[in-house]
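Here are my notes on this one, in the order I made them. Have a look at the model first, then read on.

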Amino acid sequence: SLRNNTTGNYNVAIGYNAIFNAIGSGNIAIGYNAGLALTAGSNNIDIANSGIPGESGSIRIGTEGVHKKTFLAVC
């Protein structure tokens with residue numbers, strides 16, 4: 001996690017290779033390779049998703065082809 005985080009600040013990463021090469025800030029990644037593609041984006045949340053290079057302000061949950069259903073509690 002955050003192995004090559006040289007200039008990014010306030011990033012949180014949990015999982016093998018999570019946010020491996022980030023230079024962006026304010027990113028949260030949870031899971032294996034989560035946020036791996038976040039090389040320049042900021043303020044993203046990636047859970048079990050590698051993210052998109054340069055993307056900012058996005059939330060990605062799950063990996064296409066692996067995770068097929070989403071359940072949200074409605075109040």
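1. Start with Asn27. In this predicted model, Asn27 lies in the loop that links β1 (12-14) to β2 (28-30).

2. Is Asn27 buried or exposed? Asn27 has a relative accessible area of 0%, and the cut-off for buried is under 20%, so Asn27 counts as buried.

3. Which residues does Asn27 touch, once those up to four places away in sequence are set aside? Tyr10, Asn11, Val12 and Ile19 are on the list, and so are Leu38, Gly41, Ser42, Asn43 and Asn44.

4. Now the chain as a whole. The protein chain has four strands and zero helices, and reading along the sequence gives β-β-β-β.

5. On contacts, here's a number to keep in mind: among contacts in the protein chain with a separation of 6 or more, 0% come from residues 24 or more positions apart.

6. Last, burial and surface. Of the 75 residues in the protein chain, 33% count as buried. The accessible surface of the protein chain is about 4,900 Å², and carbon and sulfur atoms hold 58% of that surface.

Definitions and conventions:
Residues are numbered from 1 along each chain as its sequence is written. This is a predicted model: local features need pLDDT of at least 70, side-chain atom pairs count only at pLDDT 80 or more; totals for chains, interfaces and linings use all residues. Side-chain values use heavy atoms; hydrogens and water are left out. Helices (H or I, at least four residues) and strands (E, at least two) are DSSP runs, numbered from the N terminus. Buried means under 20% relative accessible area, exposed over 50%, partly exposed in between (1.4 Å probe, protein chains only). Contact means heavy atoms within 4.5 Å. Accessible areas come from the Shrake-Rupley method with a 1.4 Å probe; for residues, only the protein chains shown count as cover.
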